[in-house]
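I opened a new page for this structure. My plan is to look things up piece by piece and write down what I find.

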Amino acid sequence: MDTTGTFWMPPGNSTIASEVDGLFYFILYASIIIFTIVIGLTTYFSIKYRRRADAVAHKTDGLDHNLKLEIFWTAVPLILVMIVFVWGFKTYMKISVIPKDAYEIKVTGQKWFWSFDYPEGGNSVNEIVVPVNKPIKLLMDSKDVIHSFFVPEFRVKMDVLPNRYSITWFEATKVGDYTLYCAEFCGKGHSEMIGKVRVVTEEEFEKWSEDLAFSGEGMTLEDFGAKLYVSKACITCHKIDGSNSTGPPWNNLFGKEEKLSDGTSIIVDENYIRESILNPMKKITAGYQPVMPTFQGILKDKQIDALIAYIKSLQEDKSFIKDESLQEDESLKNE
Ligand code: CUA
């Protein structure tokens with residue numbers, strides 16, 4: 001199969017792509033040919049046997065039936081649909097049956113990002129890294145609504161459901177970056193629920209697996225937090241230029257007095273940020289929807305520390321830090 005793509009299909013870079021495409025083109029061309037014959041004959045007969053002024057003189061005799069013609073128009077479509085059935089069934093089985101030696105990755109969909117857990121223990125968000133030429137099994141579920149894991153180049157698309165696992169697999173045949181889409185409308189951030197599939201060589205994959213366990217050594221907490229802000233997809237909903245997104249912007253957030261949706265207010269401090277990451281539904285900032293997912297189990301303590309350090313670093317006026325004790329008191333008063 002070519003890997004450049006066509007008008008109809010993106011490049012096919014997995015082991016099943018050629019079969020899916022072959023069947024697709026068979027159905028497409030068969031449909032075009034049948035359409036042309038049917039419409040062509042209809043047009044031709046409409047003109048040839050159109051009503052004329054002297055219609056009475058040319059009146060057709062009553063037609064009975066034509067056995068040869070009837071066998072023909074029964075047998076040909078039957079053969080065509082049987083080809084589609086057998087071909088489709090074989091391809092479907094190949095897509096459904098997971099190879100024994102497949103490498104298993106746990107996929108979690110939630111509003112509005114993807115997270116991936118690897119057998120070695122690492123976790124990545126919105127970026128799944130897999131070795132080339134190796135079958136990858138995906139064990140998937142959702143924390144909220146239905147999402148759908150869709151990588152067009154691999155011809156793989158599978159719904160991701162809450163309260164139930166769905167399973168699919170693919171084997172990438174070419175190193176490169178591919179876009180992962182959510183193909184099920186899942187709310188406001190649906191169009192932003194885009195991830196990346198990075199297909200790498202076996203050696204690169206091993207190196208990456210080791211890095212995955214990286215806990216920020218040799219980095220300041222602040223820099224580690226900046227890295228997590230992107231890699232854990234906080235960036236999807238929280239901007240740092242003061243603009244509103246799905247969630248409140250992070251710059252000049254620390255130390256700020258926030259009005260909550262229940263009418264009370266709170267001073268944003270370390271504990272409030274930590275609580276918002278782990279239990280985001282508890283205190284919602286007024287004017288925002290309660291849509292943030294929990295990062296319980298996704299972020300480790302050290303990573304939360306790093307994100308707090310990063311949020312603090314986005315503060316233009318750092319004088320608040322001196323009055324921390326004072327602000328703590330105030331936040332207690334407000335509770
Ligand atoms: Cu998730 Cu659309």
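At what angle do helix 5 and helix 6 pack, and how far apart are their axes? I noted first that the model is predicted.

**Entry 1: helix 5 and helix 6**

I looked up helix 5, which covers residues 270-278, and helix 6, which covers residues 301-313. They pack at an angle of about 125°, and their axes are 10 Å apart. The crossing of helix 5 past helix 6 is right-handed.

I then listed the residues in contact. From helix 5 they are Glu-270, Ile-273, Arg-274, Ile-277 and Leu-278. On the helix 6 side they meet Asp-301, Ile-304, Leu-307, Ile-308, Ile-311 and Lys-312. Sorted by class, this contact of helix 5 with helix 6 has seven nonpolar and four charged residues, and no polar ones.

**Entry 2: helix 4 and helix 6**

I stayed with helix 6 and turned to helix 4, residues 221-231. Here the packing angle is about 100° and the axes are 7 Å apart. That makes helix 4 roughly perpendicular to helix 6, since angles of 65 to 115 degrees count as such.

Which residues of helix 4 meet helix 6? I found Leu-221, Glu-222, Phe-224, Gly-225, Ala-226, Leu-228 and Tyr-229. Their partners in helix 6 include Lys-302, Ala-306, Leu-307 and Tyr-310. By class, the contact of helix 4 with helix 6 counts nine nonpolar, three polar and three charged residues. I see that Leu-307 is listed in the contact with helix 5 and also in the contact with helix 4.

**Entry 3: helix 1 and helix 2**

Next I looked up helix 1 and helix 2, which pack at an angle of about 160° with their axes 10 Å apart. That makes helix 1 roughly antiparallel to helix 2, because the angle is over 145. Helix 1 passes helix 2 in a left-handed crossing.

I counted the classes for the contact of helix 1 with helix 2 as 10 nonpolar, three polar and two charged.

I also searched for aromatic pairs, and the structure holds 19. One of them is formed by Phe-26 and Trp-87, a tilted pair with 5.5 Å from centre to centre and 45° between the planes. Phe-26 belongs to helix 1 (residues 17-48) and Trp-87 to helix 2 (residues 67-96), so this pair ties together parts that are 61 residues apart in sequence.

**Entry 4: two sheets**

I reminded myself that strands of a sheet pair through backbone hydrogen bonds, either parallel or antiparallel.

Strand 5, residues 136-142, runs antiparallel to strand 8 and is joined to it by five bridges. Leu-138 stands opposite Thr-168 in strand 8.

Another open sheet of five strands has the order 4-10-9-6-7, also with mixed pairing. Its edges are strand 4 (127-131) and strand 7 (156-160). The twist averages 20° from one strand to the next. Strand 6, residues 147-151, is antiparallel to strand 7, with five bridges between them. Phe-149 stands opposite Met-158 in strand 7.

I checked helix 3 (residues 202-212) too. It lies across strand 4 and strand 10 (195-200), and runs at about 135° to strand 4.

Most residues other than glycine have a negative phi, and most peptide bonds are trans. I looked for exceptions.

A cis peptide bond joins Lys-111 and Trp-112, with omega about -10°. Trp-112 sits in the loop between strand 1 (103-110) and strand 2 (113-117).

Where is Asn-126 placed? I found it in the loop between strand 3 and strand 4. Asn-126 is not a glycine, yet its phi is positive, about 60°.

Notes. Residues numbered from 1 in each chain as written. Predicted model: local features only at pLDDT ≥ 70, side-chain atom pairs only at ≥ 80, totals over all residues. Heavy atoms only, no water. Axes fitted to C-alpha atoms, helices over the stretch in contact; angles between N-to-C directions. Helix = DSSP H or I, 4+ residues; strand = E, 2+ residues; numbered from the N terminus. Left-handed = near helix turned anticlockwise from the far one by under 90°. Contact = heavy atoms within 4.5 Å. Nonpolar A, V, L, I, M, F, W, Y, C, P; charged D, E, K, R; others polar. Pairing = 2+ DSSP bridges. Phe/Tyr/Trp six-rings, centres within 6.5 Å; stacked < 30°, edge-to-face > 60°. Parallel < 35°, antiparallel > 145°, perpendicular 65-115°, else oblique.
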